[in-house]
Amino acid sequence: MKYESQKVAKLYFIAAIGLFVGQILFGLILGAQYVLGDFLFPEIPFNVARMVHTNLLIVWLLFGFMGAAYYLVPEEAETELFAPWLAKLMFWIFLAAGAATILGYLLVPYATLAELTMNDLLPTMGREFLEQPTITKLGIVVVALAFLFNIGMTILKGRKTVVNLVLLMGLTGLAVFFLFSFYNPVNVVMDKYYWWWVVHLWVEGVWELILGSILAFILIKTTGVDREVIEKWLYIIIAMTLITGIIGTGHHYYWIGTPEFWQWWGSIFSAMEPIPFFMMTVYAFNMVNKRRRNHPNKAAVLWALGTAVMAFLGAGVWGFLHTLAPVNYYTHGTQITAAHGHMAFYGAYVMIVLAMISYSMPLMRGREACNSARSQSLEMWSFWLMTISIVFITLFLTGAGILQVYLQRFSDNPMPFMVVQEKIALFYWLREIAGLVFLLGLVLYIASFFVGKNEPEATVELAK
């Protein structure tokens, strides 16, 4: 670690992992409720478990992105962070706001929570993924502005690199598009139209810029390939991401009351969205094959390569499966969507945050390059357990979705929704078992930070 202020990232990463555990626990509760309808009811109703599961995912990934930025930017800019104290202050504000919001979901009826947080003055609550009280949303804006100020000033006073600037562009887009969560028109078509400006343009737009810049940073550090080569790949991937991702928003406009042309625009451009993910896979393996040094942090390299592969499969292939309008007519809102969502989020964003933690955490804990061999071995076990189990979760949900589409929407005698849910219960049980294996992988990942911490780290192998 070159700069003392990079240690700020450690706080964010610890919080991210803690919230990640919470997200998976609520995912397991949710999975159990699919097959045991009254499981933990009325203490944790299904809608509350789902809200906590998805909100925790978003919040811990934001903690992860912020931590990654606080570690990456000073090293790229070759200067200390502009205001480390501000980063620490915003961390505690963000953590307190997030914890209060989750406790509010669990302890207070949602309608009462809206009244207590004065949602009537500026109504923003009640929409999927954007359920946070208005006061929490305002807090997120304050934290985001302070974060961008800190990161922006650090880049401004230091070296400007493509990695830094792409990351800043992604983080700025993240903050700007979140502002549409405050726009809550009465017209339901308009509401859904702009709701996607937050949801889609985050995960299939600006978040991909953040993913690309973090992956580029890790590849530069672990492969020793010339920065110019990696940056040229980054330019192309980012351009393709923006072209396909922005207009590809149209695949969410098929059935919400927007003009019919969106079915063509959405189909064409969203069908192209796998291209940047495929390029990312080729680029990551190409860089590792051309590496000029064998970095001893094999776990971080594994996470980086895994990100490229799983992002292509989850966001690219599984997204393409149901993105064309004639197909989406039948699959929209079924378990096929859930299958795509699970693998895409894991591959594109969970893995890149874990890759960054894997690379940077040993350095922030005083290591020269990596953890001990025993610690890395355990971490790589966690990689395979989590990755294989998410593949099975995706396959089980895909099977459930295909059967759901046939029974509920395609057969000569379509069945009611709840009848079909009983027919596909076996897939939900299998998904739950795979979820338990995923939790085991996550526990091993956390354990890897404590195993072999007093043992010497692997020796750095110099380039031939």
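Me: How do the residues lining the second largest pocket divide into nonpolar, polar and charged?
Reply: Start with the classes. Ala, Val, Leu, Ile, Met, Phe, Trp, Tyr, Cys and Pro count as nonpolar, Asp, Glu, Lys and Arg as charged, and the others, Gly among them, as polar. Here the lining has 17 nonpolar residues, 1 polar and no charged. This is a predicted model, in which local features need pLDDT of at least 70 and side-chain atom pairs count only at pLDDT 80 or more, while totals for chains, interfaces and linings use all residues. Residues are numbered from 1 along each chain as its sequence is written, and side-chain values use heavy atoms, with hydrogens and water left out.

Me: What is the volume of the second largest pocket, and which residues are closest to its centre?
Reply: Rolling a probe the size of a water molecule over the atoms shows where empty space is left. On a 1 Å grid over the protein atoms alone, a cavity is a set of points where a 1.4 Å probe fits but cannot get out, and a pocket is an open set with protein on both sides within 12 Å along at least five of seven lines; lining residues have an atom within 4 Å of a point. Grid points are joined across faces, edges and corners, and a volume is the space filled by probe spheres set on the points. This pocket has a volume of about 250 Å³. Of its 18 lining residues, Ala144, Leu148, Leu171, Leu174 and Ala175 are the closest to the centre. Helices α2 (46–77), α5 (134–157) and α6 (162–178) each supply at least two lining residues. Helices (H or I, at least four residues) are DSSP runs, numbered from the N terminus.

Me: How many cavities of 30 Å³ or more does the count give?
Reply: The count is 1. About 90 Å³ of space lies in the largest cavity. Its lining includes Asn55, Phe94, Tyr105 and Gln132. The largest share, 6 residues, comes from α3. The lining divides into 7 nonpolar, 5 polar and no charged.

Me: Which residues touch the most other members of the largest nonpolar core?
Reply: In soluble globular proteins, nonpolar side chains tend to be buried together. A nonpolar core is a set of buried Ala, Val, Leu, Ile, Met, Phe, Trp, Tyr and Cys residues joined through side-chain atoms within 4.5 Å. Buried means under 20% relative accessible area, exposed over 50%, partly exposed in between (1.4 Å probe, protein chains only). In the largest core, of 142 residues, they are Tyr70, Trp202 and Trp207. Not counting residues up to four places away in sequence, Tyr70 touches residues including Val8, Leu81 and Phe147. Contact means heavy atoms within 4.5 Å.
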